Amino acid sequence: MTAQDGRRTLVVGMGNPILSDDAVGIRLARDIAARLGARDGVDVIEECCVGGLNLLDLVAGYDRLVVLDSIKTRDGRPGTWYRFDGRSLRETMNLANVHDTNLATALELGRQMGHHVPDDDENHIFAVEIADNMNFSEELSPQLREAYPGLAEEILAEVEDLLSGRGEGAGG
Amino acid sequence: MSRKISIDPITRLEGHGKIEIYLTDDGAVEETFFQIPELRGFERFVVGRPIEELPRIVTRICGVCPASHHMASAKAVDGCFGGEVAPLAHKLRDMYYQAHFIHSHLAHFYALAAPDFVLGPDADPSTRNILGVVHKVGLEIGGAVIDARGKAQEIQRIIGGRNTQDIWCLPGGVAKGLKPEELETIKPWIDGLYEFTQFSLQLFRDVVLADPAYVDLILHGPYTLDVHNMGVVDRDNAPNFYDGEVRVVDFDGDEICRYSAEQYADHVAEHVESWTYLKFPYLKQRGWKGFVEGIDTSLYCATPLARLNVADRMATPRATEAFEEMFATIGGHPSRAILANHWARLVEMVQNAETLQMYCADPEITGTEVRVVPQHVTGEGFGIIEAMRGTLTHHYTCDEKAICTSANLIVGTTNNNAPIQMVTKKVASSLIKPGTEPDQGILNMIEMAFRAFDPCYSCATHSLPGELPLEVRVHRSGEITHTFKRHC
């Protein structure tokens, strides 16, 4: 399905722009915004650093959510990326908020309160394995810098498919 | 052979912290270590940048309390330019910051603290969250929480243009004032927030104070610490979150010291341990004495309860009533009961709401003189405020062209690093005794100790996963005999 059916999509780049690889979601969101241009029914928040209940405030009113974020897993290889939906959600680096709640709980709370939030299968999380989110820098780590062009192309293609109704979970 | 228990929150997200609990041969807790890697290089990152950029950069340190860093940084930058600030800008900054306090405290109380009390410390971990609270108390209350949080954030946005990643404060003032029509919009919301603070206090009375078991948990057992208290106060020794002097009071209520922002280095020093990246602030004039409680300790808490412990009263009338009720209930002022921090947050929110109401009635608040443009560079500035999680210090220097030459930050959670270590050990010691096998209960009991401090490792170190994955491993004679996990 496309935006012409009236469904609204929010694309969010999560992360910290000055914390090395933590910025990878922001970079992806900027690249997606540039590639998509102005598209009806699709809003892009290129830089978002809030999780938990704060994210609920942003997501309320949308039919579909696309999150771009970083992740660190045991023995993960920087540059690898993963895709989750609301049913297979794993907490990525910036979706959680130790001071209130995680994304799944925040969205469920929103549903119970009568807010319009995306269904589980309309939450699409793309998470990139990173090497360094401990050093303040506006540059990616060497490992991720090398991997970025390839992973960005793959993720951007998936997001485009998703928005055009070809991708998994586009539903309809 | 000693045994080791590891509480490891890193099973899903690598590179964060863990708690190591070492047992003696007979099974008693010998020592605990809470370890968190620290973010590196912020001071290096900002050196060489225009000093006026720092209030915008520091909001990127942390997505949890960006407004706190923005305010402390703005005050430090004001100092680098001579310190003159438009009086109206101080009022507007304070107003903005009260709203930030409310939505942060609301989120903590209802999402993190309330599950322990509304559902009970022994509740199934799968329901021990805000959804469980809503299920128990009703959708209507859940909706009210969401609405109140949203209104507090919207008040921030209307006053300061944004509610995250602030760019509003400028040297000598702020970038925009509050229009009369904006004031009319937020007035009823602020009245609603005041009513919600009263509702929250009543909920606390009904759910927590009405249960003797909860009151006993708060007042006795391992959740008490004999360390001192730090907080910013006004001239009348009432809490002030935006401006004032730092007051340190011992746990008997006697003042240890009182200092202005530029004197912080004379009063606070940081101890380093080889087993953690986090530093341990202590009262410099007493010297580092180790992780010890007692009247001679150099350790202190900087928490909501500590802020009320250093205060003689609150700055507003209804908050003072709540303050008096709280201390009358928990055995007097000051209090050593760590879990009373949850109640202290509610008391603080009353002051936040009343202060907002006061500003709404101020005929000058919609004025337009919101900035004094700096005319010269003086080269050094200090900004101390109360972040939700404790006293926050920013100290900058710059050269004659206003280029940053140094930056030093002591963040709220760092102040509490030693007390967190100590209460962790106390709780572990109360649960793990010779002849007693540790069980799943240790997880939430230790989490309850953490939650009272509302620690923020986003800036003290880095963000922990949202629901704090915990893994407890019990080692005996080199073998793992028990493993307890949560959220991992």
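View 1. B:Val134, which lies in helix α5 (residues 130-137) of chain B, is buried because 23 other C-beta atoms are found within 10 Å; a residue counts as buried if 20 or more other C-beta atoms lie within 10 Å of its own, as exposed if 12 or fewer do, and as partly exposed in between, with C-beta atoms placed from the backbone. Helices (H or I, at least four residues) and strands (E, at least two) are DSSP runs numbered from the N terminus. Leaving aside residues up to four places away in sequence, B:Val134 touches A:Leu109 and A:Gln112 of chain A as well as B:Leu139, B:Ile141 and B:Gly142 of chain B, a contact being scored if the C-beta atoms of two residues, placed from the backbone, lie within 7 Å. The C-alpha atom of B:Val134 is separated by 43 Å from that of B:Pro87, and the two residues are 47 residues apart along the chain. This is a predicted model, in which local features need pLDDT of at least 70 and side-chain atom pairs count only at pLDDT 80 or more, while totals for chains, interfaces and linings use all residues. Residues are numbered from 1 along each chain as its sequence is written, and chains are lettered from A and ligands numbered from 1 in the order in which they are written.

**View 2. Helix α2 of chain A and its cover.** Helix α2 (residues 52-59) of chain A is mostly covered, six of its eight residues being buried, namely A:Gly52, A:Leu53, A:Asn54, A:Leu55, A:Leu56 and A:Val59. The cover over these buried residues includes β1 (9-14), β3 (64-71) and α3 (103-112) of chain A, together with α4 (87-119) and α6 (139-160) of chain B. After α2(A) comes A:Gly61, which has a positive phi, near 100°.

**View 3. The five-stranded sheet of chain A.** Chain A has four helices and five strands, which follow the pattern β-α-β-α-β-β-α-β-α along the sequence. The five strands form an open sheet with mixed pairing, in the order β2-β1-β3-β5-β4, where two strands pair if DSSP finds at least two bridges between them. Because β2 (42-48) and β4 (81-85) of chain A stand at the edges with a single partner strand each, one side of each is left without a neighbour in the sheet. The twist averages 15° from one strand to the next; axes are lines fitted to C-alpha atoms, for helices over the stretch in contact, and angles run from 0 to 180 degrees between N-to-C directions. Within the sheet, β1(A) and β3(A) are paired in the parallel sense over five bridges, and A:Gly13 has A:Leu68 in β3(A) as its bridge partner.

View 4. Three strands form an open sheet with antiparallel pairing, in the order β12-β13-β14 of chain B. Since β12 (380-387) and β14 (404-410) of chain B each have a single partner strand and stand at the edges, one side of each is left without a neighbour in the sheet. Strand β13 (residues 390-398) of chain B pairs with β14(B) in the antiparallel sense over six bridges, and B:Tyr396 has B:Ala407 in β14(B) as its bridge partner. Helix α3 (residues 66-80) of chain B packs on this sheet, touching β12 and β13 of chain B, and its direction makes about 155° with that of β12(B).
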